[in-house]
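Dear colleague,

Please find below the structure that I am handing over to you. My notes on what was found in it follow directly after.

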Amino acid sequence: GPHVDSIKFSGDLVAGLSLGTERTMVMTKDRNDGAPLTENRVVEYDSLPERYEFPLKRRSLYIMTGLWRYNYSHEITRAIEPAASTSRRISIIFRNE
């Protein structure tokens, strides 16, 4: 489900290499689990959309840092098409700590 990777164990950069079946990445604002925001970052954060959805194509790489790393929860949804739901999804995750 939706989550923010552990601040203590994951560092300030999380990257994922998505292999196998195409899925959708959903990013949703989540100030509760994120790092505290400075005053100027609050203004930037408040101007961003509540939710983003984008395709994780086969062999794609995504990188989360800054506001995206700490102040948005993320999840990778299950496939909508029945044939794709039985296909394997493999993610290789990289963290800088």
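In these notes, a residue is called buried under 20% relative accessible area, exposed over 50%, and partly exposed in between. Please keep in mind that this is a predicted model.

Overall content and confidence

The protein chain contains 4 helices and 6 strands. Read from the N terminus, its elements follow the order α-β-β-α-β-β-α-β-α-β. Of the 97 residues in the chain, 31% are buried.

The mean pLDDT of the chain is 82, with 84% of the residues at 70 or more. Confidence is highest in strand β4 (residues 60-65), at a mean of 93, and lowest in helix α4 (residues 82-85), at 55. Where pLDDT is low, the predicted coordinates should not be read in detail.

The sheet

An open sheet is formed by 3 strands in the order β3-β2-β5, with antiparallel pairing. Strands β3 (51-56) and β5 (72-76) stand at the edges with a single partner strand each, so one side of each has no neighbour in the sheet. From one strand to the next, the twist averages 20°.

Strand β2 (residues 23-29) is joined to β3 by 6 bridges. M27 is buried, because its relative accessible area is 3%. The C-alpha atoms of M27 and F54 are separated by 8.7 Å, although the two residues are 27 apart along the chain.

Salt bridges

The count of salt bridges comes to 4. Among them is the pair of R95 and D5, whose closest N and O atoms are 3.2 Å apart. This pair links distant parts of the chain, since R95 belongs to strand β6 and D5 to the segment before α1 (7-10), 90 residues apart. R95 has a relative accessible area of 40% and is therefore partly exposed, whereas D5, at 8%, is buried.

Another salt bridge joins the side chains of K57 and E22, at 3.8 Å from N to O. K57 lies in the loop between β3 and β4, and E22 in the loop between β1 (13-20) and β2, 35 residues apart. Both residues count as partly exposed: K57 has a relative accessibility of 46% and E22 one of 41%.

The side chains of E50 and K29 also meet in a salt bridge, at 3.9 Å from N to O. E50 is in the loop between α2 (39-47) and β3, and K29 is in strand β2, so the pair ties together parts that are 21 residues apart in sequence. E50 is exposed, at 53% relative accessibility, while K29 is buried, with a relative accessible area of 14%.

L61, I63, I90, I92 and F94 make a nonpolar surface patch of about 460 Å². The elements that contribute two or more residues to this patch are β4 and β6 (89-95), and β6 gives the largest share, 3 residues. F94 is placed in strand β6 and is partly exposed, with a relative accessible area of 42%.

Finally, most residues other than glycine have a negative phi. R59 is not a glycine, yet it has a positive phi of about 70°. R59 sits in the loop between β3 and β4 and is exposed, with a relative accessible area of 60%.

With kind regards

Technical notes:
Residues numbered from 1 in each chain as written. Predicted model: local features only at pLDDT ≥ 70, side-chain atom pairs only at ≥ 80, totals over all residues. Heavy atoms only, no water. pLDDT = per-residue confidence, 0-100. Pairing = 2+ DSSP bridges. Axes fitted to C-alpha atoms, helices over the stretch in contact; angles between N-to-C directions. Patch = residues over 30% accessible without salt bridge, like charges linked within 9 Å, V, L, I, M, F, W, Y side chains within 5 Å. Areas by Shrake-Rupley, 256 points an atom, 1.4 Å probe, with all protein chains shown as cover. Buried < 20%, exposed > 50% of the residue type's maximum accessible area, 1.4 Å probe, protein only.
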